[in-house]
Amino acid sequence: MTLAVYGHPFSSYTQKVLIALYENATPFEFRNVGPDTPEHSADWRARWPIAKFPLLVDGDRNVAETSIIIEYLHLNYPGPVRLLPDDPGAALEVRFLDRFFDLHVMDAAQHAVNGALTGAPVKRAEGIALSQKKLERAYAWLEGELAGHIWAAGDSYTLADCAASSALFYADWVHEISSDYPTLRAYRSRLLTRPSFARAVEEARYFRPYFPLGAPDRD
Ligand SMILES: N[C@@H](CCC(=O)N[C@@H](CS)C(=O)NCC(=O)O)C(=O)O
């Protein structure tokens with residue numbers, strides 16, 4: 001039975017799951033949720049009425065929420081790259097960092113994007129200000145946390161790095177990671193050299209003009 005993923009290549013959370021699939025060369029069918037494929041949108045909404053993507057489909061099972069999807073892949077479709085450590089204490093740290101990148105980086109960046117999408121200048125400015133405040137706090141914490149680490153949780157590439165990749169990619173577009181945070185900047189660059197994420201970034205390049213704040217000319 002082939003796995004299927006409903007999502008969009010430019011969506012940060014979709015990329016988080018694509019990275020995990022690419023890391024282990026797990027076969028799957030990508031079902032783009034977009035205006036050209038209304039049948040996918042209808043099917044996705046029927047399977048997951050909360051209407052957030054990505055959604056993983058495995059036979060008659062629908063698996064939502066990116067962290068859960070990646071844990072599901074880890075349990076049911078394991079590969080050479082172990083995205084969760086076997087040690088429960090180490091796995092807890094990885095889960096914590098995964099939550100940090102989703103909640104305090106990706107979701108923090110989303111305020112600016114949502115504000116810009118309204119088309120109202122005041123909401124755009126408010127969204128940018130809120131994102132900047134939250135991201136600055138997150139960057140400062142990460143700068144200390146990542147010291148001496150190759151990947152988020154240490155020497156091994158994990159679920160937390162899947163979350164960090166697109167979160168830091170887009171957060172930097174919203175509020176550039178300044179030279180005050182050399183460790184964090186180097187980590188973001190390292191993530192971009194990982195073939196799984198580099199592939200996801202290339203697959204989404206076409207959509208950059210749609211970034212509502214204007215995609216910067218880097219990456
Ligand atoms: N906590 C969810 C977040 C998923 C999410 O917010 N996805 C965005 C795309 S990046 C989405 O579905 N946006 C469409 C919408 O909110 O209407 C997860 O980890 O899967």
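**Exercise 1. Find where the ligand sits in this predicted model, and describe the site that holds it.**

Solution. Begin with the site itself: the ligand sits in the largest pocket, where sitting in a pocket requires that more than half of a molecule's atoms lie within 2 Å of its grid points. A pocket here is an open set of points on a 1 Å grid over the protein atoms alone, with protein on both sides within 12 Å along at least five of seven lines, whereas a cavity is a set of points where a 1.4 Å probe fits but cannot get out; lining residues have an atom within 4 Å of a point.

Next, take the volume, which is about 1,000 Å³ for the largest pocket, a volume being the space filled by probe spheres set on the points, with grid points joined across faces, edges and corners. The lining of this pocket has 31 residues, and S11, S12, Y13, F53 and Q110 lie nearest its centre.

Then turn to the helices (DSSP runs of H or I with at least four residues, while strands are runs of E with at least two, numbered from the N terminus). Helix α4 (88-118) is among those that each supply at least two lining residues, and α4 gives the largest share, 9 residues.

**Exercise 2. Which residues surround the ligand, and which polar side-chain atoms lie beside its oxygen and nitrogen atoms?**

Solution. First list the shell, counting a residue as near if one of its heavy atoms lies within 4 Å: S11, S12, Y13, K52, F53, E65 and T66 surround the ligand. By class, this shell holds 2 nonpolar, 3 polar and 2 charged residues, where Ala, Val, Leu, Ile, Met, Phe, Trp, Tyr, Cys and Pro count as nonpolar, Asp, Glu, Lys and Arg as charged, and the others, Gly among them, as polar.

Second, look for polar contacts (pairs of N or O atoms within 3.5 Å; within protein, one must be able to donate a hydrogen and the other to accept it, and residues adjacent in sequence count only if both atoms are side-chain atoms). A polar side-chain atom of K52 is 2.5 Å from a ligand oxygen atom, and one of T66 is 2.6 Å from a ligand oxygen atom, while an N or O atom in the side chain of E65 lies 2.8 Å from a ligand nitrogen atom.

**Exercise 3. What is the volume of the largest cavity, and which helix gives the most to its lining?**

Solution. The search of the whole structure finds 1 cavity of 30 Å³ or more, and the largest cavity has a volume of about 80 Å³. Its lining includes A20, N24, H74 and R82, and helix α3 (residues 66-76) gives the most, with 3 residues.

**Reading notes.** Residues are numbered from 1 along each chain as its sequence is written, and side-chain values use heavy atoms, with hydrogens and water left out. As this is a predicted model, local features need pLDDT of at least 70 and side-chain atom pairs count only at pLDDT 80 or more, although totals for chains, interfaces and linings use all residues.
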